[in-house]
Amino acid sequence: MKAIILNDFGPASNLHLADLPLPQINNEQVLVKVSSISINPVDIKTREGKGSASNIKDRPVILGWDISGEVTESNSSHFKKGDAVFGMINFPGHGKAYAEYVAAPAAHLALKPGNISHDEAAAACLAALTAWQNLTEHFKVKKGDKVLIHAGSGGVGHYAIQIAKYLGAYVVATSSADNKRFVMSLGADEHIDYKAVNFEDETSDIDFVLNSLGSEITGRSFKVLKKGGTVISIASGINDELAENARAMGVKALHTMVKSNGSDMEQLAELLEDGKIRSQVSEVFALEDMQKAHASVESGRAVGKVVVKV
Ligand SMILES: NC(=O)c1ccc[n+]([C@@H]2O[C@H](COP(=O)([O-])OP(=O)(O)OC[C@H]3O[C@@H](n4cnc5c(N)ncnc54)[C@H](OP(=O)(O)O)[C@@H]3O)[C@@H](O)[C@H]2O)c1
């Protein structure tokens, strides 16, 4: 099968097309013939030797976690040959998604809704799971809560806006002016152009902030929270200084990590099928053009998701 392997941790030029044997499946696994893959910033970090690199022990290194495709062999009663499935495989371990075939634990997959494409399904894995797990598990957002989503036009942000609206929240989202129309089309109640103003001067009384940007934004976000409100930082941890500041201001600051979870994928499948959420796929690359797909995500300017067709 064709796969993209990473020779050494480093730049995108280390990603190469290779011919590898088909993966073998174990108990409770299925073999998926992959149609589409989505690319996340953690793919870039891991390629550079950061991110999940320390969890990847065997060689060759095959990056990627998000797939949508068709089951061709099954060792699980959950899925049969011919089922269309999607999911985030083995995160934060070795996902091996950049390939024509992936051996996937059945417990990390859900059936793909029939009314969305493989591109849209592959998009709605790591980024959508991150939004879902944070908003429902960590924040437990309920009707009437006021939520601030930073980088609302990004992979995580665009699902987070839609899921927060589905849960009944009032949603404030940041992005540059270029992406205001997109952010509002997702259902945001208010948009803040972070390039024109300081977000902390524009909003207040927030229950939950989802921050997919750096530590500086986490610290500034404390100022817009209600007493007892929570900031979740997903791109960086909470250092001692931030933890101390949060305590002093009577707010909570957490760092969370998304986990592979087939039940959560089923919830997302239902929302996608019912049109409650949708994937914005802004760019699609061929498998051979993986280096270009990495460059697009690495730019930090991606709108919605970048997908690779296999
Ligand atoms: N811990 C976890 O479980 C977890 C899970 C998923 C992702 N993450 C991390 O979260 C981060 C974001 O991931 P992603 O996939 O959402 O990224 P992404 O899709 O690459 O984000 C790109 C978007 O960010 C916006 N943006 C950039 N700087 C901004 C700023 N200062 N204020 C507001 N918006 C800004 C850009 O909009 P403009 O062009 O308009 O600026 C662009 O649309 C990454 O570091 C990723 O590794 C962590």
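Predicted model: local features only at pLDDT ≥ 70, side-chain atom pairs only at ≥ 80, totals over all residues.

**Thr203 and its surroundings**
- Thr203 has a relative accessible area of 7%, under the 20% cut-off, so it counts as buried.
- Leave out the neighbours within four places in sequence, and Thr203 is in contact with Lys146, Val172, Ile192 and Val224.

**The sheet**
- Six strands form an open sheet with parallel pairing, in the order E10-E9-E8-E11-E12-E13.
- At the edges you'll find E10 (190–193) and E13 (252–255); each has a single partner strand, so one side of each has no neighbour in the sheet.
- On average, neighbouring strands here are turned by 15 degrees against each other, ignoring direction.
- Strand E9 (residues 170–175) pairs with E10 in the parallel sense, over four bridges.
- Opposite Ile192 in E10 stands Thr174.

**The nonpolar cores**
- The largest nonpolar core has 48 residues, and the ones touching the most other members are Phe86, Leu135, Tyr159 and Ile163.
- Helix H3 (residues 126–138) is the top contributor to this core, giving seven residues.
- Not counting residues up to four places away in sequence, Leu135 touches Lys140, Val141, Val147, Ala160, Ile163, Ala164 and Leu167.
- There's also a second, separate core of 42 residues, with Leu15, Val34, Ile37 and Leu63 among them.

Notes. Residues numbered from 1 in each chain as written. Heavy atoms only, no water. Pairing = 2+ DSSP bridges. Helix = DSSP H or I, 4+ residues; strand = E, 2+ residues; numbered from the N terminus. Axes fitted to C-alpha atoms, helices over the stretch in contact; angles between N-to-C directions. Core = buried A, V, L, I, M, F, W, Y, C linked by side-chain atoms within 4.5 Å. Buried < 20%, exposed > 50% of the residue type's maximum accessible area, 1.4 Å probe, protein only. Contact = heavy atoms within 4.5 Å.
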